[in-house]
Amino acid sequence: VIENRKVTCQISWEAQELVGQNTDLLFEAFSRFEAFGMTGTHCQRSDILDLVKKASTTLRLKKLTLEECGFSVEQVKELSSYIQNMSSLERLVIGNNGFQAKHLSELLPSLKFTKLEELGLYGNPLGPEGIKLLRNPDFSLLPYLNILWFSKIKMGDEGFAELAEVLLNPRARIKTLSLADNGITHVGMEKFCSRILTGLISLEYFDISHNPIGAEGLESFAKYVPVGNFVKSLDLSYTKMLVGANGKPSDVGFDKMMDRMGE
């Protein structure tokens, strides 16, 4: 099975002691691993980095998942040096790690050495400053990137507007954009949609759920989405889309959306 099929390695914390004693044997036995993931709640950060280092030189990883590891800035710098060796890496998921802009600035330079298609940074309080860093060519010029999981990163309206500037890059080919629970309002929706939506023709899945965009925010989306190129999947749950900015019931956005879909 291992010789002829793709295999995923997901190491649980219960096996940490065993793995620590047999790391070389583990990677030699499963040298065809293409995905490697760890949740760091019960693991030493140094142990996780040792395993990632070994994986970077032993395996041709296509996916790396590291959640709840709580890396320091210096540890992210070390992690970045290992990711540079992962030339076949297509999917990087580093969620719920407490990353701030200073952590992200250490990670970004390594991405240009990969074939990254998917980036998951959800649950990290990057804020608007973190989004501004994405203007860096190390990120903005990634040729294969098409999936962004950016939910719950505290971008707010300011960060949402910054993201529009990032995605204005003519090379951007984003198909999946998840921005749930970011404190985005109708103000941010108007700025983002008017700036980018007509040009982001590759977008297929857009998740703006759990953001209080209200009826006006939904109206902005409907107003700027390209006719004949409506996204295939749109998540508007818990967005107060039937409530106006004045707090009163309003169906103006919903009606506009239905009219646009009919076009």
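## A tilted aromatic pair

Trp-149 has a relative accessible area of 28% and is therefore partly exposed; here buried means under 20% relative accessible area, exposed over 50%, and partly exposed in between, with a 1.4 Å probe and protein chains only. Tyr-205 is likewise partly exposed, at 24% relative accessibility. The model is predicted: local features need pLDDT of at least 70, side-chain atom pairs count only at pLDDT 80 or more, and totals for chains, interfaces and linings use all residues. Residues are numbered from 1 along each chain as its sequence is written, and side-chain values use heavy atoms, with hydrogens and water left out.

A pair of aromatic rings is described by the distance of the centres and the angle of the planes. Rings of Phe, Tyr and Trp (its six-membered ring) pair if their centres lie within 6.5 Å; planes under 30 degrees apart count as stacked, over 60 as edge-to-face and the rest as tilted. The structure holds four such aromatic pairs. In one of them, the ring centres of Trp-149 and Tyr-205 are 6.4 Å apart and the planes stand at 55 degrees, so this pair is tilted. It links distant parts of the chain, since Trp-149 belongs to strand E6 (residues 147-149) and Tyr-205 to strand E8, 56 residues apart. Helices (H or I, at least four residues) and strands (E, at least two) are DSSP runs, numbered from the N terminus.

## A stacked pair and its cluster

Phe-160 and Phe-192 form a stacked aromatic pair, with 4.1 Å from centre to centre and 5 degrees between the planes. Phe-160 lies in helix H8 and Phe-192 in helix H9, so the pair ties together parts that are 32 residues apart in sequence. Both Phe-160 and Phe-192 are buried. One aromatic cluster is formed by Phe-160, Phe-192, Phe-206 and Phe-221.

In helix H9 (residues 186-197), the buried residues are Gly-188, Met-189, Phe-192, Cys-193, Ile-196 and Leu-197. They cover an arc of only 115 degrees around the axis, which puts them on the same side of H9; the arc is that of the directions from the helix axis to the C-beta atoms. These buried residues pack against helix H8 (156-167), strand E7 (176-178), strand E8 (205-207) and helix H10 (214-224), where contact means heavy atoms within 4.5 Å.

Helix H4 (residues 73-83) has Gln-75, Val-76, Leu-79, Ser-80, Tyr-82 and Ile-83 as its buried residues. Seen down the axis of H4, they fall within an arc of 160 degrees, so they line one face of the helix. Their packing partners are helix H3 (45-58), strand E3 (63-67), strand E4 (91-93) and helix H5 (101-111). Thr-57 is placed in helix H3 and is exposed, with a relative accessible area of 60%. The C-alpha atoms of Thr-57 and Tyr-82 are separated by 8.3 Å, while the two residues are 25 residues apart along the chain.

## Cavities

Rolling a probe the size of a water molecule over the atoms shows where empty space is left. On a 1 Å grid over the protein atoms alone, a cavity is a set of points where a 1.4 Å probe fits but cannot get out, and lining residues have an atom within 4 Å of a point. Grid points are joined across faces, edges and corners, and a volume is the space filled by probe spheres set on the points.

The whole structure has two cavities of 30 Å³ or more, and the largest cavity holds about 100 Å³ of space. Its lining includes Phe-139, Leu-142, Val-166, Asn-169 and Arg-171. Helix H7 (137-140) and H8 are the elements that give two or more residues to this lining. The lining residues divide into eight nonpolar, two polar and two charged. Ala, Val, Leu, Ile, Met, Phe, Trp, Tyr, Cys and Pro count as nonpolar, Asp, Glu, Lys and Arg as charged, and the others, Gly among them, as polar.

## Loops and the chain as a whole

Glu-68, in the loop between E3 and H4, has a positive phi of about 55 degrees although it is not a glycine. Asp-181, in the loop between E7 and H9, also is not a glycine and has a positive phi of about 55 degrees.

The protein chain contains eleven helices and nine strands. Of its 263 residues, 47% are buried.

Conventions
On a 1 Å grid over the protein atoms alone, a cavity is a set of points where a 1.4 Å probe fits but cannot get out, and a pocket is an open set with protein on both sides within 12 Å along at least five of seven lines; lining residues have an atom within 4 Å of a point.
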